[in-house]
Amino acid sequence: MGRLHLHLISDSTGETLENIAKAAIAQFDDVEVVRHFWPMVRSESHLDRIMAEVQASPGMILFTLVSGELRASLERRAGALDLPLVPALDAVTDALSRMLGQEAKARPGRQHQLDAAYFARVEAIQFTVAHDDGIGWENWEQADIVLAGVSRTSKTPTSIYLANRGFKTANIPIVPESPPPAALFTLKRPMVVGLTTGLDRLVQVRRNRLLSLNQAPETAYVDDETVKAELAYARRMFADNSWPVIDVTRRSIEETAAAVIKLVEDRSAG
């Protein structure tokens, strides 16, 4: 099968379903997946409208519904259409129920309640956006993490990902012609992490960046020797300050962020 319709049906925001689907789809090659997203499904009438669309584009149904009535209705309708139906969280919830000796609370979106962790994540995102690309260095001591690296080493997207995990993250570009603020070298609270990458990959990423901006493709920004000197300058800085270094050459943003979080957790445990 080269093309698959995947229907994601949730009685909450559907964020959990999207993440599960994304992770599962990534395990398969050469498959075109058409995702149909149906969040906040909490009534039979809403399910009626969805199933009309499912019948028009039949495929797998992945769902998270806590209402027994809606689940039974969905199971009946999917069975009538002979479509595979997968309850995304049942196996985990059932296992936890057995281990904890209690039944799960049937509350849609319970994981999204406005608790302290939610507000901490919002605060982290606000801090991170306000301290991107070297801005607001006077407040870096308030950060959990500071990422340093030459231009185009994924500092900003990694920072945003970390912020969504609740970490206040600042980042600073390392430019030989413009040394970073002295405050970077005296930080106590934040974990400072250096990001580096391979020369060939960095030059290619920079060339693509220039092309996307319709700028001249041949500048010092993409000159091999100049870029090589930039990387060496950054690596010396990282080594001189004993900062941990992560090579992002073959890492996704998620993998880089996971490595950073591991460093933070290891320091806390130590």
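Residues are numbered from 1 along each chain as its sequence is written, and side-chain values use heavy atoms, with hydrogens and water left out. Because the model is predicted, local features need pLDDT of at least 70 and side-chain atom pairs count only at pLDDT 80 or more, while totals for chains, interfaces and linings use all residues.

**View 1. Helices H7 and H8 pack at an angle of about 115 degrees.** H7 spans residues 199-212 and H8 residues 224-240, and their axes are 10 Å apart. Helices here are DSSP runs of H or I with at least four residues, strands are E runs with at least two, and both are numbered from the N terminus. Axes are lines fitted to C-alpha atoms over the stretch in contact, with angles from 0 to 180 degrees between N-to-C directions. On the H7 side, the contact (heavy atoms within 4.5 Å) is made by Leu 199, Leu 202, Val 203 and Arg 206. H8 contributes Asp 224, Val 227, Lys 228, Glu 230 and Leu 231.

**View 2. Arg 206 lies over the face of Tyr 221.** The distance to the ring centre is 4.4 Å. For a charge to sit over a ring, NZ of Lys or CZ of Arg must be within 6 Å of the ring centre and within 35 degrees of the ring normal.

**View 3. Phe 185, Phe 238 and Trp 243 are linked into a cluster by ring pairs.** Rings of Phe, Tyr and Trp (its six-membered ring) pair if their centres lie within 6.5 Å; planes under 30 degrees apart are stacked, over 60 edge-to-face and the rest tilted. Phe 185 and Trp 243 are stacked, at 5.8 Å centre to centre with 5 degrees between the planes. Phe 185 lies in the loop between strands E6 and E7 and Trp 243 in the loop between H8 and strand E8, so this pair ties together parts that are 58 residues apart in sequence. Phe 238 and Trp 243 form a tilted pair, with 6.2 Å between centres and 45 degrees between planes. Phe 185 is partly exposed at 37% relative accessibility, whereas Trp 243 is buried at 12%. Buried means under 20% relative accessible area, exposed over 50% and partly exposed in between (1.4 Å probe, protein chains only).

**View 4. Asp 30 has a positive phi although it is not a glycine.** Most residues other than glycine have a negative phi. For Asp 30 the angle is about 55 degrees. Look for Asp 30 in the loop between helix H1 and strand E2, where this residue counts as exposed at 78% relative accessibility.
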